[in-house]
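Visitor: Hello! Could you help me learn to read the features of a protein model?
Guide: Gladly. Let us look at it together.

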Number of protein chains: 2
Amino acid sequence: MIKANDPSLKSWIEVDKNSDFPIQNLPFGIFKTENNKPSVGSRIGDKVIDLSALYVLGYFKNLPFEQSDFKSDALNTIMKKGKEATTDLRNRLSKLFNIENKDLSNNNHHVEQVLIDVEQVEMLMPVQVGDYTDFYSSRGHATNVGTLFRDPANALLPNWLWIPVGYHGRASSIIPSDQMIKRPKGQTRPNDDQDPIFGPSKLLDFELEMAFVTFDGKPLGENITTEEANDYIFGMCIMNDWSARDIQKWEYIPLGPFLAKNFASSISPWIVTMDALEPFKTKGPVQDPKVLSYLEYKGDFHYDIDLEVGIIPENSEETVVSKSNYKYMYWNMAQQLAHHTVNGCNIRCGDMMASGTISGDEPSSFGSMLELSWRGTKPIKMKDGSERKFINDNDTVVMRGHCNANGVRIGFGEVSTKVLPAE
Amino acid sequence: MIKANDPSLKSWIEVDKNSDFPIQNLPFGIFKTENNKPSVGSRIGDKVIDLSALYVLGYFKNLPFEQSDFKSDALNTIMKKGKEATTDLRNRLSKLFNIENKDLSNNNHHVEQVLIDVEQVEMLMPVQVGDYTDFYSSRGHATNVGTLFRDPANALLPNWLWIPVGYHGRASSIIPSDQMIKRPKGQTRPNDDQDPIFGPSKLLDFELEMAFVTFDGKPLGENITTEEANDYIFGMCIMNDWSARDIQKWEYIPLGPFLAKNFASSISPWIVTMDALEPFKTKGPVQDPKVLSYLEYKGDFHYDIDLEVGIIPENSEETVVSKSNYKYMYWNMAQQLAHHTVNGCNIRCGDMMASGTISGDEPSSFGSMLELSWRGTKPIKMKDGSERKFINDNDTVVMRGHCNANGVRIGFGEVSTKVLPAE
């Protein structure tokens, strides 16, 4: 076991038992305080840890970082140093904030420079994303979409059980939690017998996904095997991969979704490392038919992460509309990465790869309004009495995720996005 | 007329009449000489112009650049300064290298520092590409593909005449001319009744495309109109968008091409500016049905650029297999950019957007082996007597492009890529 994951560890910073951020988490993110430049931070309980301050105060001796790595507007600077370096960095934080270690906790003057109340910071995009790839790896979701739009008797397309199907998404429009979006406009064809029209999307939807962030990979022309995959993954966040279903329906044949997706994808701001997620590994589904050899893997590569989606109508309270779990994935990250690179495609530090919508077998675990409202035929009741088939203007969509094992809860915080009307 | 485009201009640097690089061109690229760092350059005839050297020698006074903008491994540093700045930079070069201007030409010591024989430089990737988008805007190509794979009577899909169809591609694997690629491996299903198999692609193909590079756009949520489009486009290059047809066929439904494309896209290393291409504008096709209003445009946005593709078998001479022209596009760049951003999708400095395969009406103008060999049914004869249905190992594919008007020829040079066997 990684020592920083020991369930018995306690920090000298107070942590509520329902917090996503005990000392066993120690995620990384980019924060900003008023009048200061963006900086790399970690988090325990309700405190953000300023890693640049820790560096300046000499607490990162013998680690392969420079101050500019922490006085940075993206985690790419620390990820560039590689897996061993970022693992050592998290281990150092674990040691410094351990209740039994007095190096920092006894120095009030230092503590004041290093810790910031979470209410006082703005969380920014954690990563400068190079390429963004979106997979389609939840069997529940693929089956639901196939049933709704094609043939219930043959819901899964012929390639789905053989290939971790994926496609390229838009990196420029990935935004952090709390950044509002506008309802997108676009071309749709509401009636197959009439010409298409232009206007605001009427079928705006969320997609509950998780995404992982990569270290630098191998040169173009070389592949990464399932066994090597873990060495190339830094950590994960939650993603709301916004979708405009009416735009998607008209545009996506034959080259896939484009404007229906690229207006925004929202992510939670803390990247939880694969090291921290290690204790929450779980077994994946039996894959039948047997996958081709380059997709075979040993050990567990699925993760037991509880996920939920809430909708907050304007001036109203939240209704949780979905409770899902990341373990419902059919294809895991090792298989996704092995497939993505098997043709020699190169990955780079900061690339982001998302799971695709995560839907379980139960209707309450579906990861999009398309599925939850069964294409609008089963409206979802809100606590305020209103109904939703898709997302309304001024709704805020919130996604959360956390793991529980051995008495330790670690989580991702949330990704929250308010939808403004189209202009 | 832009003064730097005046057909009567001559340079004190000798330029062959068949050169792509007279003083009316002045493209931008990134070059490297032995033991030196990458640097921004331009080109006249067979000379590369070292812009960093010109800066240091004081020839860029009153232009909004710093030395680090030229001592850079990507044109993004100069593009960040915006359209007016890069236009002024080209105009300054036009003035300095004009045969009537003696400021530089009379100073042999300076000339020696500024000019380098093209044989002595290595051309690198000109741009750090943020997001890469590939359109599908040639009616000839879309019709051919529809005829080959779907229904000759309904070759164009219903959305094609309404939407400049596009999809997201992979930025990390865009490579400059002369970088060799390996034949990709991947999953294919040669027989619909049998399980898929894994191995080297058997149907490796080129796609003749042109690509444009953008300046910084507007913030997320704002669109760029067809009238504004020209202000956001820096310049163009030729692209060979490599494709593995057998991988594509098995993977692309429903989310579009992925591993069939993302193993490599090769580009010509000089970015020819939209300013230089201005005299070669030409009328586009009548668009029927009439496009939706956000896709309407005024003036000419098509360009008359002759294109050709050659195949060089190993140790043999080149056979030109296609002669096409960029003016065969149905959708132009202004329409592509307006469509891409109409949902609020943001573009950034260095984004690259490709045309899609450019095919004219005549079989000799088709832009891929898929079309030229009509899915392998009409093999193409090489000068050495061999035949090609697709691309063989150790073949080199070369694409070239140039414009002619008013006695001036400007061009893109070439993109040349050798295919090595799969490992």
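Visitor: Does E423(A) count as buried or exposed?
Guide: This is a predicted model, and in it E423(A) counts as exposed, at 72% relative accessibility. For this label the value has to be over 50%.

Visitor: Which residue forms a salt bridge with E423(A)?
Guide: Here is the general idea: side chains of opposite charge can pair when their charged atoms come close. In this case the partner is K182(A), and the closest N and O atoms are 3.0 Å apart. The pair links distant parts of the chain, with K182(A) in strand β9 and E423(A) in the segment after β26, 241 residues apart. K182(A) is partly exposed, with a relative accessible area of 22%.

Visitor: Where does β9 stand in its sheet?
Guide: In general, strands of a sheet pair through backbone hydrogen bonds, either parallel or antiparallel. Here, 5 strands of chain A form an open sheet with mixed pairing, in the order β9-β26-β25-β20-β21. β9 and β21 of chain A stand at the edges, each with a single partner strand, so one side of each has no neighbour in the sheet. Further in, β20 and β25 of chain A pair in the antiparallel sense over 7 bridges; one bridge joins D306(A) to H402(A).

Visitor: What rotation superposes chain B on chain A?
Guide: Two copies of a chain are related by a rotation about an axis and a shift along it. For this pair the rotation is 180°, with 0.0 Å of shift along the axis. The two copies are therefore related as by a two-fold rotation axis.

Methods:
Residues are numbered from 1 along each chain as its sequence is written. Chains are lettered from A and ligands numbered from 1 in the order in which they are written. This is a predicted model: local features need pLDDT of at least 70, side-chain atom pairs count only at pLDDT 80 or more; totals for chains, interfaces and linings use all residues. Side-chain values use heavy atoms; hydrogens and water are left out. Copies are superposed by least squares on the C-alpha atoms of residues with pLDDT of at least 70 in both. Two strands pair if DSSP finds at least two bridges between them. Helices (H or I, at least four residues) and strands (E, at least two) are DSSP runs, numbered from the N terminus. A salt bridge is a side-chain nitrogen of Lys or Arg within 4 Å of a carboxyl oxygen of Asp or Glu. Buried means under 20% relative accessible area, exposed over 50%, partly exposed in between (1.4 Å probe, protein chains only).
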